[in-house]
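User: I have a structure open and have not worked with it before. Can you take some questions as I go?
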Amino acid sequence: MSRNNSTILLCIWAVMLSALHLQAQSAPKRSPLIVNVVVEGLDDNYLDLLAPLFSHGGFKRLAAGASLSHLDYGTDLDPVAATSMIMTGAAPIANGIPAGWVYDPAVNQVSAIFSDPDYMGNFTDETLSPVPLKVSTLADEVCIDTGGDGLVYAVAADPQMAIALAGHSANGAYWLTDRTANWATSSYYGDMPRSVLDRNYHAPLLLRIDTMRWEPALPMDAYPLLSRSESAKPFKVTFPKKSADRIYRFKTSPKANTELTDLAIELIRSSRMGADIYPDMISVAYTVAPVGASRAEVMDAYIRLDRDLSRLYTEAEHAAGAGNVTFILCGVPATDNGSTPDDPRHRIPAGEYSIRKAISLLNMYLLAVHGNGDWLAGYYDKQFYLNRKLITDRGLSLADFRAEVADFLARMAGVCNVYTVDDIIAARVGDDPAALKRNTSIARTGDVIIEINPGWTIVDQPVGSRTSRGVERHNATRIPAYILAPGISPVKIDTPTDARAIAPEVSRLLHVRAPNAASAPALRLR
């Protein structure tokens with residue numbers, strides 16, 4: 001072979017090697033481990049206030065990716081509905097999850113949205129499944145993309161949150177029961193792994209909870225903007241056996257966040273998540289909204305969550321390798337446990353709206369105008385349900401009847417706004433009518449919905465009601481989110497971000513399909 005021919009062959013070979021190298025560089029890379037976190041009650045104002053007190057491994061590490069300071073859910077949603085929106089990229093009108101608890105006027109009963117008598121509980125008598133979730137989720141799409149070879153787990157204190165995070169296809173969803181504090185699941189997801197069973201058998205929470213103390217993680221003078229009286233008295237929260245609601249209070253405290261983190265880390269280790277080419281996903285639901293907490297306790301919850309996030313992220317990187325973890329953290333609105341009344345000396349306008357009185361007056365009015373009959377089918381969470389069959393059987397217009405009831409309720413003291421389901425469908429009410437329409441499950445909503453004046457307290461609610469008995473507040477909160485993934489440069493987005501865009505964006509980063517009802521475009525962060 002001549003020298004010229006050899007030179008040509010070498011050049012061709014060099015070009016081929018260079019092309020192969022460029023192709024390898026441009027080949028899509030995705031994380032072998034996805035850590036997906038939702039935090040109930042997360043508030044961007046507290047994150048700014050407490051930033052100097054955070055470690056470098058928690059919120060500060062997440063800020064190395066994309067920081068979204070204002071997730072927009074459209075209207076007020078509870079944590080379960082908001083989490084379902086994050087996971088599906090779809091609003092309740094499409095995904096079927098308008099709230100964690102819903103009312104059925106036919107049987108006058110409130111039930112969990114994920115109630116499903118076809119599936120028994122494991123370590124619980126709750127019968128739950130993701131079947132009521134009408135569409136696919138981000139977790140489902142990860143499972144589908146890997147053909148089931150990727151592992152997907154969800155961990156939460158609340159069963160509804162665990163199921164919303166796990167979706168239909170996950171390997172497991174685990175939560176703490178209200179009665180025994182055992183880790184539980186649904187038979188829908190199959191058997192529990194040994195790592196979960198061991199906690200129930202060898203380290204049951206019920207035997208430890210009464211010895212736990214939640215006390216300040218820092219000296220009291222380290223917490224900013226406390227009053228003189230708050231700074232002078234360190235808090236101490238306990239969960240004694242004599243307290244009937246001790247497990248519920250524990251589940252909303254930072255102590256529960258630590259238990260969740262411990263189990264999530266154990267699942268990563270025992271299942272060897274992130275160790276192969278098939279993406280695995282671990283989801284955790286935390287809270288920084290302890291029931292009846294003081295300002296100091298809320299700030300301490302953030303400090304302790306920062307430490308738990310650091311532990312979780314460190315373990316994820318240890319399992320998958322540095323720079324190989326996709327970490328998503330989204331705040332969701334807090335459960336409305338109601339605010340405590342302001343001290344009377346401040347003279348803030350207030351009042352009481354009696355549900356029992358409102359129902360009684362409405363019934364008397366309807367009987368006087370339309371004759372005998374059970375015109376009102378029920379009430380739940382500021383929603384009045386009418387007896388639609390009776391109304392239509394009497395030849396009355398359902399829309400006109402609703403409008404008549406709305407007009408009557410609007411005249412009551414303490415009511416600041418009233419609208420009907422017809423108003424919602426026609427998108428003619430609310431600060432954002434389109435958002436209110438898509439965030440309403442028409443099949444489950446009441447016929448007439450009221451809003452109560454801020455500062456007023458709803459009293460005399462029906463027995464079994466799970467809604468707030470505290471003071472009404474109509475505060476808008478800036479709910480943040482973080483996405484930290486390979487290839488994403490630090491960026492802070494201060495404009496409102498549609499919460500429905502999270503799932504399609506994460507799907508794009510992972511190179512999997514977006515959930516099948518995702519209705520917003522991806523954010524294009526990379």
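User: Is Ser 67 buried or exposed?

Analyst: Ser 67 is buried, with a relative accessible area of 8%. Buried means under 20% relative accessible area, exposed means over 50%, and partly exposed is in between, with a 1.4 Å probe and protein chains only. This is a predicted model: local features need pLDDT of at least 70, side-chain atom pairs count only at pLDDT 80 or more, and totals for chains, interfaces and linings use all residues. Residues are numbered from 1 along each chain as its sequence is written, and side-chain values use heavy atoms, with hydrogens and water left out.

User: Which element is Ser 67 found in?

Analyst: Strand β2, residues 66-68. Strands (E, at least two residues) and helices (H or I, at least four) are DSSP runs, numbered from the N terminus.

User: What is Ser 67 in contact with?

Analyst: Leaving aside neighbours within four places in sequence, Ser 67 is in contact with Ala 481, Tyr 482, Val 491, Lys 492 and Ile 493. Contact means heavy atoms within 4.5 Å.

User: Where is Ile 493, then?

Analyst: Ile 493 is in strand β21, residues 491-493. At 22% relative accessibility, Ile 493 counts as partly exposed. Apart from neighbours within four places in sequence, Ile 493 is in contact with Ser 67, Leu 68, Ser 69 and Leu 525.

User: How far apart are Ile 493 and Asp 245?

Analyst: They are 248 residues apart in sequence and 40 Å apart in space, C-alpha to C-alpha.

User: Switching to helices. Which residues of α6 are buried?

Analyst: Leu 138, Ala 139, Asp 140, Glu 141, Val 142 and Cys 143. That is 6 of the 8 residues of α6 (residues 138-145), so the helix is largely enclosed by the rest of the structure.

User: What covers the buried residues of α6?

Analyst: The cover includes helices α4 (79-88), α7 (159-166) and α18 (502-510), along with strands β7 (152-156) and β12 (280-287).

User: And Thr 261, buried or exposed?

Analyst: Thr 261 is buried, at a relative accessible area of 0%. Thr 261 lies in helix α11, residues 254-270. With neighbours within four places in sequence left aside, the contacts of Thr 261 are Tyr 286, Asp 308, Arg 311 and Leu 312.

User: What about the whole chain: how many helices and strands does it have?

Analyst: The chain has 18 helices and 22 strands. Its radius of gyration is 26 Å, close to the 24 Å that the globule rule gives for 526 residues, so the chain is as compact as a globular protein of that length. The radius is taken over C-alpha atoms, and the rule is 2.2 Å times the number of residues to the power 0.38.

User: How many of the residues count as buried?

Analyst: Of the 526 residues, 51%. Residues 24 or more positions apart account for 70% of the contacts with a separation of 6 or more.

User: How many cavities of 30 Å³ or more turn up?

Analyst: A search of the whole structure finds 1. On a 1 Å grid over the protein atoms alone, a cavity is a set of points where a 1.4 Å probe fits but cannot get out, and a pocket is an open set with protein on both sides within 12 Å along at least five of seven lines; lining residues have an atom within 4 Å of a point. Grid points are joined across faces, edges and corners, and a volume is the space filled by probe spheres set on the points.

User: Which residues line the largest cavity?

Analyst: Ala 181, Trp 183, Arg 199, Asn 200, Ala 203, Pro 204, Leu 205, Arg 208 and Glu 259. The largest cavity holds about 50 Å³ of space.
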